[in-house]
Amino acid sequence: MFNNTSTPLSLLTTRRSGKPRDLAAPGPNKAQLQEMCAIACRTPDHGKLAPWRFVIVEPEQRDAFAALLVDAYRADRPEAKRLEIESIEQFARQAPALVVALSSPRTDSQIPLWEQELSTGAACMNLLHAAHAMGFAGGWLTTWAAFNDQVRDAFGAAPERIAGFIFIGTPSRPLEERPRPDLTQTVQTWSR
């Protein structure tokens, strides 16, 4: 069983993202999304900078979000075909809830940018943990849109960057395991 919420440890050991295209209603309500974001902010943060932001894209804004993505994609790829555009529109409308996570570094701080970016990633992971702990599933995607300035500018401004699009909902099909790293290759004991 994935995302087993019986204990905190069982949730961590069974955590599995949901594919955003497979996430359906019900999704979290506004209060639940706010609580998830509050939990996400309880993350390691050297200097107490909160170098991240979360922007919730409400369901009634999904068409505008789709239009933004299509406009940005066509600006980069004027020769885009119908199927590419349909795929972008589908991306914008998948899952009941969408949170755009932004790395929002404090350039006036002496805290290294790298540490601020790591904190942003930790906040995103906490958002996923919160969604899963509340009985939903989430998926964190980037794609070309996360690296497009026109899309970024709709949510913030440089030096901010989109850390990802976090889709949240209820799995419409059973979650499947994916290959996990071989611990003998990723965990070592240091010695001189």
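**A buried loop residue and a helix pair**

In this predicted model, the loop that runs between strand E4 and helix H6 (149–155) contains Ala145. With a relative accessible area of 1%, Ala145 counts as buried, because the cut-off for that class is under 20%. Leaving aside residues up to four places away in sequence, Ala145 is in contact with Leu69, Val151, Ile162 and Phe165. Its C-alpha atom also lies 8.9 Å from that of Gly164, a residue 19 places away along the chain.

Helix H5 has 21 residues and spans 30 Å from its first C-alpha to its last, close to the 30 Å expected at 1.5 Å a residue. Among its buried residues are Gln116, Ser119, Thr120, Ala123, Asn126, Leu127, Ala130 and Ala131. An α-helix has 3.6 residues a turn, so residues three or four places apart point the same way. Just after H5, Gly135 adopts a positive phi of about 95°.

The packing of H5 (residues 113–133) with H2 (residues 30–40) can be described by an angle of about 135° and an axis separation of 8 Å. H2 is therefore oblique to H5, and the crossing of the two helices is right-handed. On the H2 side, Met36, Cys37, Ile39 and Ala40 meet Ala123, Asn126, Leu127, Ala130 and Ala131 of H5. The residues of this contact comprise 8 nonpolar, 1 polar and no charged.

Conventions
Residues are numbered from 1 along each chain as its sequence is written. This is a predicted model: local features need pLDDT of at least 70, side-chain atom pairs count only at pLDDT 80 or more; totals for chains, interfaces and linings use all residues. Side-chain values use heavy atoms; hydrogens and water are left out. Axes are lines fitted to C-alpha atoms, for helices over the stretch in contact, and angles run from 0 to 180 degrees between N-to-C directions. Helices (H or I, at least four residues) and strands (E, at least two) are DSSP runs, numbered from the N terminus. Angles under 35 degrees count as roughly parallel, over 145 as roughly antiparallel, 65 to 115 as roughly perpendicular and the rest as oblique. A crossing is left-handed if the near helix is turned anticlockwise from the far one by less than a right angle, and right-handed if clockwise. Contact means heavy atoms within 4.5 Å. Ala, Val, Leu, Ile, Met, Phe, Trp, Tyr, Cys and Pro count as nonpolar, Asp, Glu, Lys and Arg as charged, and the others, Gly among them, as polar. The expected span of a helix is 1.5 Å times one less than its number of residues. Buried means under 20% relative accessible area, exposed over 50%, partly exposed in between (1.4 Å probe, protein chains only).
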